[in-house]
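Dear colleague,

I am passing on the structure we spoke about, together with some notes on what was found in it. Please read the notes with the coordinates open beside you.

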Amino acid sequence: MTIAELELALPEIFVLSAACVILLADLFIAEQRRGLTHMLAVFSLIFAAILSLRLMLPPGETVYAFSDTFVRDRFGDILKVFSYLILAAVFVYAKHSLRRAGLFKGEFYTLSLFALLGVMVLISASSMITLYLGLELLALSTYALVALDRESRFGSEAAMKYFILGSLASGLLLYGMSLLYGATGSLQLAEVSAALTGGAGDSMLLTFGLVFVVIGVAFKLGAVPFHMWVPDVYHGAPVAITLFISSVPKLAGLALAIRLLDNGLSGLHGDWQGMLVVLAALSLILGNFAAIAQTNIKRMLAYSTISHMGFMLLGILAGTPEGYAAAMFYAIAYALMSAGAFAVIILLSDGEREADQLDDFKGLARRSPWHAFLMMMILFSLAGVPVFLGFFAKWQVIAAVIAAGFTWLAVLAVLMAVVGAFYYLRVVKLMYFDEPEVEHGLVAPVDFRAVLTANGVAMLALGLFSGGLISLCISAFV
Amino acid sequence: MFEWPLLSLLVWLPIFGAAAVVAIASGMPKLVRPLALAVAVLTFLLSLVLYAGFDVSTAAMQFEERSVWIEAFNIHYHLGVDGLSLPLILLTTLIGVLIIIGGWTIQDRPHLYLASFLVLQGLTVGVFAALDALLFYVFFEAMLVPMFLIIGIWGGPNRIYATIKFFLFTFFGSVFMLIALLWLYLQSGSFAILDLHQLPIALNAQILIFLAFLIAFAVKVPMWPVHTWLPDAHVEAPTGGSVVLAAVMLKIGGYGLVRFSLPITPDAAAALDWLVIGLSLVAIAYIGFVALAQSDMKKLIAYSSISHMGFVTLGLFLAFAISRNTGDVTGAGLGITGGMVQMISHGFISGAMFLAVGVLYDRVHSREISSYGGVANTMPWFAMFAVLFFMANSGLPGTSGFVGEFMVILAAFHASFWFAFVAGITLLLGAAYSLWLVKRVFYGEIANNAVAGLKDLSAREWLLMTILAVFVLGVGIWPFPLIEMMEASVANLVEHILQSKVEGS
């Protein structure tokens, strides 16, 4: 291990240090000055973003470190920068919600930062061991976060469910990895890939391993039929935690899929493509139809997540650089949209209960026209209506899947987008066409409103000027 | 010499104007309406500058603007007009002004109402001016958002059903177009519409693409049997919404057919012209009978719109049959010209009829024909205008309604006697339902106290009615400028679509 190698992992080292410092500092910060912990965490993230931006590698360059278990490339760097920024927004949104729910504690920040570290390790993994380590760090921190509200029955139930199903998925993934190790004789993804191109390995063993790995990935993404945990966890966790789960870990899910399936198992593309086709098609169908039946908006967004993961899988299954870039664009766009949508739920909630019923959105346009407008842009973006961000994500994955020769899947995807439009429109209808049941306006701190405004306007701005983000994603796969 | 980016101004001025209207609403509520009107009038004047500078002798795109939008996919912000899009842009900007004047009395959140219409207007001009297929799609879809809000917020009692149906129908139709466009992009590496016109495509691929486009545009036109959203949307929409829907938005379907379906997939269009002609004839005849049976004025006009838009689609697809029958290329453009003229004319007439119903509805709050009778006794001036518009709707010579229908029927004779025969029936039917409505609403004894207490047109309504009457009569008496505008482009289009694109693929 050399100093130069440590320098490659500078962002990870910084985030780890920041998490430890905050863990310690929080012990000495008085209850009423908890805002300081928040500020420390947010500034750490901003600093980490600056650090990663300065260290960002040019397109096409890949550097390995720590005996080839750690990789730095443009794909990872870009994803990390978005992870910091989205997490910073999540912190701002969550503070408002946690404070009212009486959950405003230092643990939230420490656990989230450790989860972020897990995401970063996962993103930069070039060996199956590193990949697994990152994944587990993320998962364990998230289980604890879901149970953050100890008093809540639903929260504990969700955490338990998440923990058991998540452990099962991790076990399956690990088993798949061990089979792959047995077949190829290596844990390094690059060596696995080389071995596969060399024609090594028992094809029976490889297929077995692949099936378990794909199941593990599908569990983590929440793709049908491995989606059962998603609605319950989204519903049971405090809204601030749901907000977290629905944003940054999606970027990790993308990285997990791309590192494993592309960097490691691209030689088996023909095999995993078929599996992903099934996963994507089922996710699109079930996610969208089940979302229509929900009256709880957290559950509705949970099913909508499932369908969005189906869309993201479309890009991955194409197996081309264009497809991966489209999936990456989709993951980033989805994380932004989802963060914004949950932020509006937080905004509508008051101290007593979360505004997690669809009816809580009634007449929002009268109570707060600007926030209704922001939410409308977020919803149309989720529905994939031009000129909002979500449309540009959708057409790219659809183009990738047509280029891969699956025109029928593209037709299915757009039909499901029409089905999906219905339940997003229903929320717009509640906000704009119905009269409010409560008259009082909405209160939120300035920073919350500023970030929400930026988030909502980004739906339009990143849609109108999507060229930059598209080029950025493409540059990750040169 | 510096040239003003006129088309961009026409697209963005109303959109930014809408933002300004909303921005001043809380501070200066009195200025909301004048500002919206100023924006709309300025946009209209700019479109007249466009008209003045337009060269009618060429089919090439004019006033082109082109800059890179999404570099990675070779997508451009590319605008331009030719003889097919210019008349529709002028129609859009004119109707835009009328809507703002017509919406003057809206009381519920007037700034949002006016802003929605301004945004809608800007996006509609964008649809007609876009020369990049993805840009077109973006405008085409984005238009749904303001219209969704207009019907949903200011519409009638059943507005929510109507507006969601409207949105989902159109969204459903257009996603197939997206797939077709992406497929074309993967073949050609370009989203430029003019490049796609030249792209050779095998016949079976053409047929699939043609059908994908047809679903998108047939919903918009709307053609039978995907027309069912229109009567609902029309009945529930506020007056302004109905006017824009009938006068402008339906035309996007017809425009899409001439801009995409015919030139990109001419062989499929030739092979399947029987399908479009058949659906058009069903719309013309069957929907005409349906209109006859309506008791709600707005529904009657909505069905009449579908029937008249059937003329448009009929005219557009006659060229192939004519050239097969006569071997003559020059006469083949007659149907397309007729269809285009019919679109403009229907824009004026349907807009005027909806405004007329709006005038009555504002006073009596009923759309039922049976709530009226003898309106001519209490509102003589209004009756004069309304009778003119309904007469024009039935195709009275001297009004714009006659010109387009006459050209299409003439072209239909060249194609087949039976096409012309069925299409001719509509002249009877159109006269029947239009005049019967006039008789029941305007003539006879004064039916009830509500009618007895009616006041004649206000100055604002006078203005609206006069402007529309001038255009209806103007195009009817002297259609030459309109036909001259589109002549070169139509000739070019006909020449293009009668050449096979299959070879070389």
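**Notes on the predicted model**

The cover over the buried residues of α10(B) includes α6, α7, α11 (239-264) and α14 (297-316) of chain B. Please keep in mind throughout that this is a predicted model. Helix α10 of chain B runs over residues 229-236, and eight of its eight residues are buried, so the helix is largely enclosed by the rest of the structure. The buried residues are W229(B), L230(B), P231(B), D232(B), A233(B), H234(B), V235(B) and E236(B), and by class D232(B) and E236(B) count as charged.

Next, the contact between the chains. Chain B and chain A each bring 25 residues to it. On the side of chain B that touches chain A, the elements giving two or more residues are β1 (62-70), α5 (133-142), α6 (144-154) and α7 (159-188) of chain B. Of these, α7(B) gives the most, with twelve residues. Taken by class, this side of chain B holds 22 nonpolar residues, one polar residue and two charged residues.

Helix α18 of chain A (residues 389-403) packs with α7(B) at an angle of about 60 degrees, the axes being 10 Å apart. The crossing in which α18(A) passes α7(B) is right-handed. From α18(A) the contact takes W395(A), I398(A), A399(A), I402(A) and A403(A), and from α7(B) it takes L178(B), I179(B), L182(B), W183(B) and L186(B). By class, the residues of this contact are ten nonpolar, no polar and no charged.

Within chain B, another helix pair can be set beside that one. The axes of α13 (residues 273-292) and α20 (residues 417-442) of chain B come within 9 Å and cross at roughly 25 degrees. Since angles under 35 degrees count as roughly parallel, α13(B) and α20(B) are therefore roughly parallel to each other. Here α13(B) passes α20(B) in a left-handed crossing. On the α13(B) side the residues are I277(B), L281(B), I284(B), A285(B), G288(B), F289(B), A291(B) and L292(B), and they meet F419(B), V422(B), A423(B), I425(B), T426(B), L429(B), G430(B), A432(B) and Y433(B) in α20(B). This contact has 14 nonpolar, three polar and no charged residues.

Finally, chain A as a whole. It has 21 helices and two strands. The radius of gyration of chain A is 21 Å, close to the 23 Å that the globule rule gives for 478 residues, so chain A is as compact as a globular protein of that length. Along the principal axes, its C-alpha atoms fill a box of roughly 70 × 55 × 40 Å. Buried residues make up 61% of the 478 residues in chain A. Of the contacts in chain A with a separation of 6 or more, 78% are between residues 24 or more positions apart.

With best regards

Key: Residues numbered from 1 in each chain as written. Chains lettered and ligands numbered in written order. Predicted model: local features only at pLDDT ≥ 70, side-chain atom pairs only at ≥ 80, totals over all residues. Contact = placed C-beta atoms within 7 Å. Helix = DSSP H or I, 4+ residues; strand = E, 2+ residues; numbered from the N terminus. Rg over C-alpha atoms; globule rule 2.2 N^0.38 Å. Buried ≥ 20, exposed ≤ 12 C-beta atoms within 10 Å, placed from the backbone. Axes fitted to C-alpha atoms, helices over the stretch in contact; angles between N-to-C directions. Parallel < 35°, antiparallel > 145°, perpendicular 65-115°, else oblique. Left-handed = near helix turned anticlockwise from the far one by under 90°.
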